[in-house]
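Take a look at the model below. We will walk through it one part at a time.

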Amino acid sequence: MPEPPARDEDLVRRYLSGDRAAFAALVERHERRVYNLALRMTGREEDARDATQDAFLTVLRKLSSFRGEAAFTTWLHRVTVNACYDLLRKRQRAPLLDRGEDDRPAREPPPAPDHADTSSLSMDVQQALLQVPEDFRAVMILHDVHDLRQEEVAAIVGVPVGTVKSRLHRGRIALAKAMGIQQEGRASGEPGSAGSDESPGGPGFGERADAAGPSEGTVSP
Amino acid sequence: MSHPEDLLADYIDGTLAERERAVVDTHLEGCVRCGAEIRQAEAAKTALSELEDVPVPFGVAGPVLAEAGRRFERRRGVAWERFQWAAGLAAAAALIVVVALNVGGGDARNAATPAATGASGGAGAAAGAEAASPGVIHFAGIEAQRNVDYDDAGIQAVAAEAADAVVAAEETKAPQVAFASAVQDSKERTSLAKDCVQHSGIQGPQDVLIRLIEAEFEGTPAYIAVFSEGPGAGQAPDHIVVFVVAKDDCRILSTASQRIPPG
């Protein structure tokens, strides 16, 4: 029987003490999760690749200062979310010429035409997801797609758990609206207007989300 | 009416304590708005939970591992210099002892032998295959990574990554297109690079080109050609061989090989 797999923190230590293969093992172990998080955040295969590489390069640069106070995966997720924020910001600043006629990621065609999950359903969900504000999107992806506990999400994003709960609920409603799921008994607004609204989730949206924490766009490493 | 908004996420997750759940249930009996929100949020959560992971495209980890290799070698270089410095001090100290001994007494014959420098065989190219082996990875065109500077460790990482990709492709039985996202669709540049690779004479008639990267190798603009090699007779490839050739005169700069573990 093979030995049980080494803990992430042990691999970090091994890399720092001269075992070069340990870093490759870390990358191999987490690449899929990092890439998929980035793909859901950015909605474009190309951006997901860049964000994944940026995240691992940041990890590589800062590995020697990783003290193991947080779990390695928490740290890795945080670095990845930040890499996505940076990339999305860069994309928004990029001149239109470089990006085709419309540079908003939310309006981009869906990613990965050659991937296995391009059923129209998941494409619709992905498209709708891009219309949800980034801070809410990140929380939803971490909790509802990647099944991380609210406490872990709070540690990754750097906000109190209460803020995670609020973002989760408001984000889900914004996503439902972007998917065209309207409240019953009400005239439907334009589908897809949720993300561009100031208050994607309805009344009280802004105050609740930011009441418990700073309205950061970036998570401090 | 005040709405129990801070409880609704957990209500949908099913993680509320019984008492809190009862509070929400009671509220829902009289609140149309929260009821509608719950239905929306539930639909969204379900849709999100049905999103499936997609496989990571071939080539994402390459530049990262190349950079890791460079950093590692730099660190090792520093360690080696320190070692040499320390060894130099030790040698100087030994010399002083020897001199002192010589001065002090007998004329001992110097029996020191120079250390043999045994260079072990490096990672040379694998022996040529006798017959064509089918490539399970489709070559998609040249990849531009001009801002990436590879070194020997990085080239070895490219070889290892290609071997993994071949194994993955064999497992799924679906031919993968290599690096589709990174490929610059330039037929001219691809054929220019292929010419250079051929001109260098490294490509045996049986090697199957699966990847071609335009990058730098230790500061020199270069093409990195990745081949799969097999025993022939329609059998799966069992080796990856990587050659690096200079862009300007197609001379060979480096090479690496990696065995593909049998599936």
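B:Glu218 has 14 other C-beta atoms within 10 Å, so B:Glu218 is partly exposed. Keep in mind that this is a predicted model. B:Glu218 sits in the loop between strand E4 (208-217) and strand E5 (220-229) of chain B. Its backbone deserves a look too. The phi of B:Glu218 is near 50 degrees, a positive value in a residue other than glycine. Most residues other than glycine have a negative phi.

A:Asp147 is placed in the loop between helix H7 (134-145) and helix H8 (150-157) of chain A. Is A:Asp147 buried or exposed? It counts as exposed, because it has 9 C-beta neighbours inside 10 Å.

Now step into H8(A). Here 7 of the 8 residues are buried, so H8(A) is largely enclosed by the rest of the structure. The buried residues are A:Gln150, A:Glu152, A:Val153, A:Ala154, A:Ala155, A:Ile156 and A:Val157. What covers them? The cover includes helix H4 (72-93), H7 and helix H9 (161-178) of chain A. After H8(A) comes A:Gly158, with a positive phi near 80 degrees.

Step back to chain A as a whole. Chain A has 10 helices and 0 strands. From the N terminus on, its elements run α-α-α-α-α-α-α-α-α-α. Of the 221 residues in chain A, 44% are buried. Look next at contacts in chain A between residues at least 6 apart in sequence. Among these, 70% join residues at least 24 apart.

A:His30 is found in helix H2 (residues 21-42) of chain A. It counts as buried because it has 21 C-beta neighbours inside 10 Å; the cut-off for buried is 20 or more. A:His30 and A:Asp8 are 22 residues apart in sequence. In space, they are 9.8 Å apart, C-alpha to C-alpha.

Next comes the nonpolar core. In soluble globular proteins, nonpolar side chains tend to be buried together. The largest nonpolar core here has 111 residues. Which residues have the most contacts inside it? They are A:Leu175, B:Ile224 and B:Val242. The largest share of this core, 11 residues, comes from helix H5 (residues 152-172) of chain B. Leaving aside its neighbours within four places in sequence, A:Leu175 is in contact with A:Ala128, A:Leu129, A:Val132, A:Met140 and B:Ala44.

B:Ala44 takes us to H3(B). Helix H3 (residues 32-49) of chain B has 18 residues. It reaches 26 Å from its first C-alpha to its last, close to the 26 Å expected at 1.5 Å a residue. In H3(B), B:Glu37, B:Gln40, B:Ala41, B:Ala44, B:Lys45, B:Ala47 and B:Leu48 are buried. They cover an arc of only 160 degrees around the axis, which puts them on the same side of H3(B). On the other side of H3(B), B:Val32 and B:Ser49 are exposed. An α-helix has 3.6 residues a turn, so residues three or four places apart point the same way.

Compare helix H2 (residues 18-30) of chain B. This helix has 13 residues and reaches 19 Å from its first C-alpha to its last, close to the 18 Å expected. How many residues of H2(B) are buried? The number is 0, so H2(B) lies largely in the open.

Now bring the two chains together. The contact takes 32 residues from chain B and 42 residues from chain A. On the side of chain B that touches chain A, helix H1 (5-13), H3 and helix H4 (62-104) of chain B each supply at least two residues. The largest share of that side, 10 residues, comes from H3(B). By class, the side of chain B that touches chain A has 20 nonpolar, 3 polar and 9 charged residues.

Finally, consider confidence. The predictor gives the complex an ipTM of 0.74 and a pTM of 0.57. Chain B averages a pLDDT of 75, and 66% of its residues score at least 70. Where in chain B is confidence highest, and where lowest? It is highest in H3(B), at 94, and lowest in strand E3 (residues 176-177) of chain B, at a mean of 52. Over residues 105-135 of chain B, the pLDDT is below 50. Beyond near neighbours in sequence, this stretch has 41 contacts in the model.

Technical notes. Residues numbered from 1 in each chain as written. Chains lettered and ligands numbered in written order. Helix = DSSP H or I, 4+ residues; strand = E, 2+ residues; numbered from the N terminus. Expected span 1.5 Å × (residues − 1). Buried ≥ 20, exposed ≤ 12 C-beta atoms within 10 Å, placed from the backbone. Arc of directions from axis to C-beta. pLDDT = per-residue confidence, 0-100. Contact = placed C-beta atoms within 7 Å. Core = buried A, V, L, I, M, F, W, Y, C linked by C-beta atoms within 7 Å. Nonpolar A, V, L, I, M, F, W, Y, C, P; charged D, E, K, R; others polar.
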